[in-house]
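This briefing covers strands, sheets and the helices beside them. Please look at the sequence and the model first, then read the points below.

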Amino acid sequence: MNTALDFAEIDAGMLAEVGGKAANLGELTRAGLPVPPGRVLTTEAYRQVAQGLETSGDDLAERARRHLLEAPVPAAVHEAIVKSYAELGDDVPVAVRSSATAEDLPFASFAGQQDTFLNVVGADAVVDAVRRCWASLWTDRAVAYRESNGIDHATVRLAVVIQVMVDSQVAGVMFTANPVTGRRREAVIDANPGLGEAVVSGAVNPDRFVVHGGEILERHAGDKRLTIRSLPGGGTERVETAHEELCLTDDQVRALADLGARVEEHYGAPQDTEWAVDEHGKIWLTQARPITTLYPLPEQSRPGLRVYFSVNVVQGVMGPITPMGISAFRLLSAGGARAFGYGPADRLDGAAFVAESGGRVWFDLTTAVRSRFGRALLPRALTLGEARAVPLFEQLMRDPRLSPAYTSPRPVLRAIGRFARGIHAPSRVLLALTSPRRALEYTARLGTELDRRLVPPASATPEQRLDHAERLLAGLFPVMLSIMPIVITGYGLFALAAKLSGVPLNDMQDILRSVPHNPTTEMDLELWDLATRVEPEPFKERPVAELVRLYQAGELPPVAQREIAAFLDKYGHRGVAEIDLGVPRWSEEPAHILGVLANYLRMDGGADLAPSALFAKGAEEARSAGAQVVSAARRKGWWRAPVVRFGLRRTREFAGLRELPKFYLVKTLAGVRRSMLVVGERLVELGVLDSASDVFFLSFREARAALGGGDLRAAVAERRASYEQESRRRHVPRVLLSDGTEPEALASAAAASTAGGALTGTAASAGTVTGVARVVLDPIGAHLEPGEILVCPSTDPGWTPLFLTAGGLVMEMGGAMSHGAVVAREYGIPAVVGVPDATHSITTGQQIEVNGAAGTVTPV
């Protein structure tokens with residue numbers, strides 16, 4: 001609003017641009033919802049009194065507040081407030097509530113950024129409350145919140161709502177979706193006698209009610225030991241009270257839930273509301289804002305309750321994936337579905353089980369959960385890669401809404417058979433059993449052939465590059481998984497060895513240490529070896545940004561320049577969050593690798609602590625462990641020993657190949673990325689995009705259409721903003737139901753978090769270590785002192801250089817066969833994975849003990 005001053009009746013409607021409570025209350029009034037009458041002051045006057053104030057500096061908030069509180073209210077504003085207040089009546093008690101454009105946003109609510117003043121009586125008191133509302137735009141919490149959300153202080157605007165006070169007998173808050181479980185259309189109501197401030201501020205334990213479909217599911221009486229009441233003549237008082245009975249009747253609870261449903265229907269999204277019941281029993285709605293903590297639901301294409309499993313969480317990529325990265329997943333899934341005989345009509349649409357929400361990829365596993373065959377297979381498969389999800393799915397299988405609907409295993413067996421024949425699984429298994437050398441040669445040939453296919457003709461047009469990329473991605477899944485029969489053969493023989501020897505699988509994990517043919521392990525060892533050959537001086541003395549500049553300018557010392565270039569030529573396709581083709585690779589942004597090298601060169605340690613020596617030691621310990629298992633088998637029968645020895649030999653030859661399919665996948669994504677940057681350059685020439693990298697905020701279908709011209713810059717800017725907002729999301733569900741429920745939130749806190757003071761997870765790599773914890777949320781730029789215990793959400797290969805100096809590993813996600821667990825075993829690092837909220841429960845510098853055999857993490 002450009003005018004210097006404006007008052008508007010709430011019932012006349014408000015301009016949405018003023019944001020926050022002002023716009024919301026105007027919307028609610030127009031919708032016919034019971035909002036107390038009042039007025040909204042929208043003014044730039046606070047800017048006038050804040051002129052000359054710099055919006056930066058460590059003491060910004062304090063300086064701004066002091067300046068505003070000491071400045072007089074401009075005469076025109078003072079006169080307008082007094083006049084408008086008088087029109088409400090004689091000394092009418094009002095609530096004076098600040099309302100800014102940086103609150104009540106779809107992505108960031110942060111209720112209570114600015115201040116509210118209740119039961120204000122008298123014109124002078126109202127003017128003073130308005131000034132204090134202006135000053136509260138610069139509370140420490142509001143400034144910090146805007147900075148954390150990337151909101152420019154200079155762009156924030158403020159309105160003040162002056163609203164007739166409801167002398168409430170009971171008041172509180174109501175969420176129209178359950179904020180804990182995420183379940184939509186389930187109202188959660190907190191209520192307390194008196195004004196709602198007691199509930200909003202968290203000063204009291206209120207009564208709680210949960211309502212779904214008109215049925216009151218929960219009634220929980222709080223102690224309600226504090227009541228805030230209006231005082232005659234203005235102000236409020238806090239009174240110590242004791243209310244044993246519930247402060248709302250069932251009819252009032254249902255009426256509130258119905259009101260909440262109407263508010264949600266009006267806004268089209270779940271709402272966080274405040275309400276009050278006056279002395280006549282009338283319910284008033286005093287506030288509504290979006291619930292920003294709920295995870296957005298995938299668009300549902302099929303009826304009934306659906307079960308979604310997060311691909312991002314499994315892969316340890318908690319941030320969003322670019323639109324083109326998601327488009328690539330759809331192409332990959334289309335190729336996989338076609339191999340099973342269920343390919344989509346258009347490969348760009350992806351398989352029917354792929355969904356997207358919040359910029360992340362989800363698999364719809366409803367069919368597996370509702371199939372008897374799936375119920376038998378799914379927990380076993382998840383135990384290997386994502387153990388924390390197993391009890392969640394077991395819980396879902398007891399839900400009557402997800403009762404078995406598919407009883408015959410024949411369709412599944414036919415699909416598996418079709419896929420197995422397509423990748424020649426029987427012959428691959430036979431090859432692995434009879435000739436490991438030829439089996440390994442086959443996996444290497446796949447890599448050579450992939451390298452050949454990745455390069456499109458130099459003369460390829462942008463349209464042909466898109467054709468080439470789509471063919472590569474749609475055809476990759478079967479080729480990539482043709483390695484898995486060889487890997488499964490190794491692990492199958494491992495299980496057979498355990499059965500024949502009588503040694504439990506958990507006691508045989510040392511046999512999987514330092515296995516060969518793992519491309520990620522080989523990469524890490526090569527990087528360490530590189531650190532022993534390069535000239536150390538620039539790495540010990542210069543910051544990483546300077547090292548990057550020197551490398552890109554070709555000005556590092558000769559050996560370092562040559563060797564780093566050779567390493568990136570071989571492994572430069574890798575990176576953090578590498579499953580997203582929209583993110584840069586190490587070859588494009590080498591800061592991470594140069595930073596790791598610098599850390600290696602600053603370390604002090606003997607030759608016996610070098611990763612190559614530790615790797616060799618691990619291999620020797622694996623041979624010793626294998627010999628013990630063979631001896632145990634011999635004691636059970638002479639013929640068992642040679643079978644077990646044969647099986648363990650094959651296990652070690654093939655276990656490392658588990659990482660190879662992903663290695664080839666990431667190499668393919670990097671190749672497609674290079675080609676799409678060429679497409680992006682063409683779109684820049686056409687004026688469709690501002691920069692070549694903007695192409696990753698389009699899908700493949702959109703990129704092809706854009707070659708015909710147009711202007712997508714505004715759409716890309718909007719998607720980039722959404723991507724940045726989602727990047728700040730702190731919580732992503734592992735499993736999500738289509739009604740919004742997060743099954744993990746329903747699990748018992750005792751079973752999910754601690755036992756006897758120890759955090760519990762899944763045993764991943766045997767051994768016990770006590771050391772200092774280092775919580776790392778992002779590997780880029782992270783530094784780990786030798787022996788420190790790495791505590792992180794999850795890992796992909798971009799993390800593994802940190803493993804070389806880690807004394808132990810604790811991960812929030814993953815199972816015994818997840819990436820971090822496999823690499824930890826190979827390095828002989830004690831590891832526990834699937835530890836709920838590890839990065840919040842453990843702090844950097846804390847002494848902890850990691851027991852990789854028991855699966856516990858204990859504070860020392």
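Angles here run from 0 to 180 degrees between N-to-C directions, with axes fitted as lines to C-alpha atoms. The model is a predicted one. Strands of a sheet pair through backbone hydrogen bonds, either parallel or antiparallel.

**The six-strand sheet**

- Six strands make up an open sheet with antiparallel pairing, in the order E9-E8-E7-E6-E12-E13.
- At its edges are strand E9 (215-220) and strand E13 (283-290), each of which pairs on one side only.
- From one strand to the next, the twist averages 20°.
- Strand E6 (residues 170-175) and strand E7 (residues 186-193) run antiparallel and are joined by six bridges.
- Opposite Val 170 stands Pro 193 in E7.
- Helix H8 (residues 250-267) packs on this sheet and touches E6, E7, strand E8 (207-212), E9, strand E12 (271-277) and E13.
- The direction of H8 makes about 40° with that of E13.

**The four-strand sheet**

- Another open sheet has four strands in the order E15-E16-E14-E17, and the pairing is antiparallel.
- Strand E15 (354-357) and strand E17 (735-737) each have a single partner strand, so one side of each is left without a neighbour in the sheet.
- The twist in this sheet averages 35° from one strand to the next.
- Three bridges connect strand E14 (residues 307-310) with E17, and the two run antiparallel.
- Val 307 has Leu 737 in E17 as its bridge partner.
- Helix H10 (residues 323-339) lies across E15 and strand E16 (360-364), and H10 runs at about 170° to E15.

Methods:
Residues are numbered from 1 along each chain as its sequence is written. This is a predicted model: local features need pLDDT of at least 70, side-chain atom pairs count only at pLDDT 80 or more; totals for chains, interfaces and linings use all residues. Side-chain values use heavy atoms; hydrogens and water are left out. Two strands pair if DSSP finds at least two bridges between them. Contact means heavy atoms within 4.5 Å.
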